[in-house]
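User: Hi! Could you walk me through this one?
Analyst: Happy to, have a look at it here.

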Amino acid sequence: MKYDVVIIGGGPAGLSAALAVRKEGIDSILIIERDDKLGGILNQCIHNGFGLHTFKEELTGPEYACRYIEKVLEEKIEYKLNCMVIGISDDRKVTYVSKEDGLCTVEAKAVILAMGCRERPRGALNIAGFRPAGIYSAGTAQRLMNIEGYKVGNEVVILGSGDIGLIMARRMTLEGAKVKCVAEVMPYSGGLKRNIVQCLNDYDIPLFLSHTVIDIKGKERVESVVIAQVDENRKPIPGTEKEYKCDTLLLSVGLLPENELSKLANVELSRVTNGPVVSDSFETNVEGIFACGNVLHVHDLVDYVSSEADLAGTYAAKYVKNQKGDREYLDVEARDGVRYTVPQKIDVKNMEDRIIVRFRVSNEFRGKSIVVEADGKEIRRVKKRVLAPGEMEQLFLNKAELEGVKKLCVCLKESV
Amino acid sequence: MKTREMICIGCPLGCNLTVKIDGENVEVSGNTCNNGVVYANNEIKNPTRIVTSTVKVLDGDIERVSCKTETAIPKGKIFDCMAEIRKKKVNAPVRIGDVLISDVAGTGINVIATKNIEKEG
C-alpha cells in the first residue's frame with residue numbers, strides 16, 4: 001500500500017497532524033495506533049484543565065480527545081488500531097504488525113512521528129531494596145485506576161513531583177487511599193503550581209523537597225519506604241532518614257520521548273530533549289520524516305502539542321506537494337540557562353514570515369530576561385518575573401530579522 | 001483573627017500569600033498583583049472545585065466511564081460527592097454529557113460523563 005502521509009501514533013499529536021494534512025487538501029492519509037482506541041494518553045487523563053488555549057474552555061482529557069477524534073471521523077481519515085509499528089526505514093517504508101493484517105509494509109511520501117513519550121522506570125533510579133508488588137509508575141497507576149477500575153493501593157508514598165504524580169496523589173485520596181507524602185529530589189517541584197495547590201495542599205499531603213527514597217522494604221508487597229533528605233549533590237544526608245509505612249510506591253520521575261522507531265530510520269536525536277533534532281518545518285535530518293508532540297520534546301500542555309502537530313502536519317503536506325526547495329540551516333544555539341530550543345535549526349530562506357520557538361530553562365530563575373542574539377546583536381529581550389523548568393516558554397522570530405544571520409542564540413540575561 | 005498561608009495560582013509566579021481573616025474582613029499580603037487578592041478572597045469565602053472521577057459501567061467496552069461535576073462544587077462537599085460517585089453504576093452505552101448523578105450531594109449540580117462508552121461486543 002502507498003499513502004501520501006503516514007502518521008505513527010493516534011494521540012493528540014497524531015490526530016491534530018492528520019487534520020492539518022487533510023486541510024492542505026491531501027486525501028491519502030493513514031494513522032497507525034497501537035492501542036484499541038484513538039486519543040492516546042488523554043483517555044486516562046480524566047482530570048480537567050485541558051483545552052483552555054485551543055477551545056477557550058476547560059475540558060477533561062477524554063473530552064479534549066473526543067473533539068479531535070470526531071473531526072478525524074468526519075473527515076473520513078483512515079486509521080488502524082491495534083497495530084504496532086516495528087520499523088521505519090529512511091526511505092519512508094513503515095512496517096507494522098497486527099492480528100488482522102499480520103506483517104505489513106506501507107510506503108509513504110511523508111512520515112509524521114507522533115509516538116509520544118513514556119515514563120522513566122524504577123530501573124533508571126537505582127533505588128535499593130527488593131522487587132515487591134506495589135511499585136508503579138504514576139501513569140500505570142492512572143491507567144489501572146481510571147480505565148480498568150482497580151484501586152491500586154491503600155497507603156501510598158509518591159516519589160517525584162511531576163504533574164502525573166501530583167494528579168495521582170489527589171486521585172488516590174479521592175478514592176479513599178491515604179497518601180503519606182510526596183518526595184522530590186530537586187529543591188523545586190517539577191509540577192505546575194496549580195497542581196501543588198489543588199492536588200496536595202487541598203488534601204494536606206506534605207511535599208518534601210530535596211528528599212528521595214533510599215530504601216524499599218517488603219518482599220511480596222511493599223511494606224514501607226525510607227525517605228532521606230539530600231544535599232546539593234543529591235546525596236542522601238545520614239541521620240535524616242524517615243520510614244513511612246505504605247503498600248504502594250508511585251514513581252513520577254520524568255518522561256522520555258519514545259524514539260526507538262526514529263533511530264531505526266536514522267533520525268538524529270538531541271541529547272537534551274531525547275527527541276529528534278528538527279528544523280522550523282518540524283522535519284528531521286531524514287528528508288520527508290517529520291516529528292511533533294511528546295516524541296519531539298515533552299510538553300506540559302496538550303494545547304501546545306495540538307498546535308505544534310498542526311504545524312508539523314501542514315509542513316508535511318507542503319513537502320508532499322513539493323513546495324520546498326533546497327535547505328540551508330541556521331542553528332539555534334541554546335545557552336546560559338536555556339536548556340534547548342525546538343526547532344534546533346531554521347531554514348531561513350524557506351521559513352514562514354513568523355515562527356514559534358519553544359524552549360525550557362535549566363533552573364528556577366527570578367528577575368531574568370529571555371534574550372535572542374543574532375550575530376552578537378540583541379534582537380529580542382523579554383523580561384520575566386519568574387522562569388521554571390516545569391513551564392515551557394515560547395517566543396516568536398521573524399524571517400526579516402534572520403536573513404543573512406550567521407549565528408543565532410537564545411539565552412537568559414539579568415534584567416535591567 | 002485568623003492567619004492562613006496559601007499559594008496564589010493565578011499565574012506561574014505562585015506568590016506565597018499571607019491572609020489575615022477578621023470576620024468578613026480579608027487582608028492579603030505577599031501578593032504581586034491584584035489577582036492575589038481576588039484569589040485569596042475566593043479561597044476564604046467560597047472555595048470551589050470541579051471534581052473528576054470515574055463511575056462503574058455495566059456491559060461497557062471498558063470498566064469505567066470518566067465523569068466530572070458540571071461546574072465547580074463547594075470544596076467541603078468533595079468527599080460527599082465522591083461517596084455518591086463510588087456507589088453509582090451505569091449501563092452502556094454512555095455519551096459525553098449524559099447526566100450520571102443529578103444534584104450530587106445536595107449541591108444542585110450534576111455529575112456528567114466525559115467519555116463515550118460503547119456496549120461490549
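Analyst: A term to start with: a salt bridge is a side-chain nitrogen of Lys or Arg within 4 Å of a carboxyl oxygen of Asp or Glu. This is a predicted model, where local features need pLDDT of at least 70, side-chain atom pairs count only at pLDDT 80 or more, and totals for chains, interfaces and linings use all residues. Residues are numbered from 1 along each chain as its sequence is written, chains are lettered from A and ligands numbered from 1 in the order in which they are written, and side-chain values use heavy atoms, leaving out hydrogens and water.

User: Thanks! How many salt bridges are there over all chains?
Analyst: The search of the whole structure finds 38. In one of them, the side chains of B:Arg49 and B:Glu43 meet at 3.1 Å, N to O.

User: Are B:Arg49 and B:Glu43 buried or exposed?
Analyst: B:Arg49 counts as buried because its relative accessibility is 6%, and B:Glu43 is buried too, at 9%. For the cut-offs, buried means under 20% relative accessible area, exposed over 50%, and partly exposed in between (1.4 Å probe, protein chains only).

User: What about the rest of chain B, which pattern does it follow along the sequence?
Analyst: Chain B reads β-β-β-α-β-β-β-β-α-β-β-β, with 2 helices and 10 strands. Those elements are DSSP runs numbered from the N terminus: helices are H or I with at least four residues, strands are E with at least two.

User: And what radius of gyration does chain B have?
Analyst: Chain B has 19 Å, whereas a compact globule of 121 residues would be near 14 Å. That radius is taken over C-alpha atoms, and the globule rule is 2.2 Å times the number of residues to the power 0.38. The C-alpha trace of chain B spans about 60 × 30 × 15 Å along its principal axes, and buried residues make up 41% of the chain.

User: Switching to chain A, where is A:Arg335 found?
Analyst: A:Arg335 is in the loop between strand S21 (330–334) and strand S22 (338–342). Its relative accessible area is 29%, so A:Arg335 is partly exposed.

User: Which residues is A:Arg335 in contact with, leaving aside neighbours within four places in sequence?
Analyst: Those are A:Glu373, A:Cys409, A:Val410, A:Cys411 and A:Leu412, with contact meaning heavy atoms within 4.5 Å. The side chains of A:Arg335 and A:Glu373 also meet in a salt bridge of 3.5 Å, N to O. That pair links distant parts of the chain, 38 residues apart, with A:Glu373 in strand S25 (residues 365–374).

User: Which residues are linked with A:Arg335 in a network of salt bridges?
Analyst: The network joins A:Arg335 to A:Glu333, A:Asp336, A:Glu373, A:Lys407 and A:Lys413.

User: One more salt bridge: how many residues apart are A:Glu258 and A:Arg34?
Analyst: The side chains of A:Glu258 and A:Arg34 meet at 3.3 Å, N to O. They are 224 residues apart: A:Glu258 sits in the loop between strand S19 (255–257) and H6, and A:Arg34 in the loop between strand S2 (29–32) and strand S3 (48–50).

User: Last one, why does A:Glu258 count as buried?
Analyst: A:Glu258 counts as buried because its relative accessibility is 12%, while A:Arg34 is partly exposed at 46%.
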